[in-house]
Amino acid sequence: MQPAGLLMLIEIWCILMNENLINVDNLKVYFPIRRGIFLQTVGYIKAVDGVNLKIKQNQDFAVVGESGSGKTTLGKSIVGLIKPTRGQILYSFGEKSFDMSKELPIDVRQSVQMIFQDPFSSLNPRLKIIDTLKEPLEIRGFLRSRKEIANYLGELLEKVGLKREYLYRYPHEFSGGQRQRISIVRAISMKPKIVVLDEPSSSLDVSVQSQVLNLLQDIKKEYNLTYIFITHNISVAKYMGQKIIVMYLGKIIEINDPDKLIDKPFHPYTQLLLSTVVEIKSEHVEKEIKIGEPPSPVNIPSGCRFRTRCPFAMEICAKTEPPLSDHEGSLVACHLYSNKKKEISVNNS
Ligand SMILES: Nc1ncnc2c1ncn2[C@@H]1O[C@H](COP(=O)(O)OP(=O)(O)O)[C@@H](O)[C@H]1O
Ligand SMILES: [Mg+2]
């Protein structure tokens with residue numbers, strides 16, 4: 001058999017086996033709080049506090065949770081922009097495995113991309129679009145001449161509904177929606193496998209939001225991408241994810257298929273999130289949960305971190321942290337259910 005044929009067979013086998021692309025293993029990201037003239041460390045903001053996750057090819061996750069729950073920090077860690085304080089993120093690329101916090105070969109590094117909430121943040125206001133977009137391609141080196149690069153990027157601009165000529169304009173000449181389309185081009189131009197999208201539509205006008213979300217769905221299919229889609233909006237999560245991950249104070253507290261999670265949320269915090277969405281009214285929210293403020297990520301409550309807001313809190317909740325375990329097909333970290341089932345390792349299988 002020709003080597004190319006063999007490679008294709010291996011690739012098909014990997015897809016069939018649904019291999020893990022990324023293994024997030026007990027990830028902790030703590031930001032030190034420094035005070036005084038010697039900038040002594042007086043405490044830590046526990047932005048991500050023990051996350052385990054297996055990301056498989058073509059299994060899109062949507063990550064939801066209130067502001068400050070650690071979604072962005074998790075996303076940045078996955079693409080290697082933030083180094084873990086503890087734990088690690090292993091990325092399978094071909095037959096090899098790489099630690100995302102280490103120095104990586106450029107093709108490996110570029111195959112995990114991030115799209116940010118503010119499209120301005122990935123576009124240099126002083127550079128023409130082509131000059132911002134060509135830089136990572138030049139580093140990668142798979143296109144040689146300026147003409148080749150302009151052709152490649154021009155085609156991608158057309159794919160996202162923009163004109164080729166826009167390559168020669170500056171970011172301020174575009175609307176928010178157009179800038180986000182340009183950020184999408186920047187990400188996909190590097191031929192990624194995984195894209196972390198951090199609230200990519202939430203800074204846009206409502207009328208433009210759905211266009212961008214639809215575009216992202218089309219792009220995903222065309223380029224065979226796997227999305228980790230961060231949002232605080234459960235309706236958007238339902239549209240973009242095959243599984244929804246609910247985060248609370250740096251930890252995953254529930255994972256389920258969107259329809260099941262919305263129809264029957266188990267964790268009281270998931271119930272709280274759903275109760276704030278007018279268009280989704282779940283029948284399974286048993287007690288009214290007062291919204292209130294989450295505790296500080298510097299002083300996380302002992303045991304279950306949600307217990308200080310939970311109307312169902314029991315004695316055990318202050319003592320023992322509930323593990324994420326299977327309950328009627330959902331993975332949920334709550335003592336209300338933990339007596340009824342066997343504990344399983346955190347896995348989204
Ligand atoms: N670079 C940083 N330095 C210090 N604290 C940070 C930093 N980035 C995030 N945080 C804190 O970590 C917590 C989680 O933040 P973030 O990951 O942005 O949450 P989310 O995206 O869910 O709103 C917040 O309390 C935030 O203030
Ligand atoms: Mg965020």
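In the classification used here, Ala, Val, Leu, Ile, Met, Phe, Trp, Tyr, Cys and Pro are taken as nonpolar, Asp, Glu, Lys and Arg as charged, and the remaining residues, Gly among them, as polar. On this basis, the shell around ligand 1 in the predicted model comprises four nonpolar residues, seven polar residues and one charged residue. The surrounding residues are Phe31, Ile45, Ala47, Gly65, Ser67, Gly68, Ser69, Gly70, Lys71, Thr72, Thr73 and Pro297. Two elements, β2 (40-56) and α2 (71-78), each supply two or more residues to this shell. The largest share, three residues, is that of α2.

The packing of two helices was examined next. Two packed helices are described by the distance between their axes and by the angle between those axes. For α6 (176-188) and α7 (residues 206-223), the axes come within 11 Å and cross at roughly 15°. Angles under 35 degrees count as roughly parallel, and α6 is therefore roughly parallel to α7. The crossing of α6 with α7 is right-handed. On the α6 side, the contact is formed by Gly177, Gln180, Arg181, Ile184 and Ile188, and on the α7 side by Val208, Gln211, Val212, Leu215, Ile219 and Tyr223. By residue class, this contact of α6 with α7 contains seven nonpolar residues, three polar residues and one charged residue.

Helix α10 (residues 268-275) is mostly covered, with seven of its eight residues buried. The buried positions in α10 are Pro268, Tyr269, Thr270, Gln271, Leu272, Leu273 and Leu274.

Most residues other than glycine have a negative phi. Positive values occur at Leu249, where phi is near 45°, and at Lys191, where phi is near 50°. Lys191 lies in the loop that runs between α6 and β7 (194-198). Lys191 has 15 other C-beta atoms within 10 Å and is therefore partly exposed.

Definitions and conventions: Residues are numbered from 1 along each chain as its sequence is written. Chains are lettered from A and ligands numbered from 1 in the order in which they are written. This is a predicted model: local features need pLDDT of at least 70, side-chain atom pairs count only at pLDDT 80 or more; totals for chains, interfaces and linings use all residues. A residue is buried if 20 or more other C-beta atoms lie within 10 Å of its own, exposed if 12 or fewer, and partly exposed in between; C-beta atoms are placed from the backbone. Helices (H or I, at least four residues) and strands (E, at least two) are DSSP runs, numbered from the N terminus. A residue is near a molecule or strand if its C-beta atom, placed from the backbone, lies within 6 Å of it. Axes are lines fitted to C-alpha atoms, for helices over the stretch in contact, and angles run from 0 to 180 degrees between N-to-C directions. Angles under 35 degrees count as roughly parallel, over 145 as roughly antiparallel, 65 to 115 as roughly perpendicular and the rest as oblique. A crossing is left-handed if the near helix is turned anticlockwise from the far one by less than a right angle, and right-handed if clockwise. Two residues are in contact if their C-beta atoms, placed from the backbone, lie within 7 Å.
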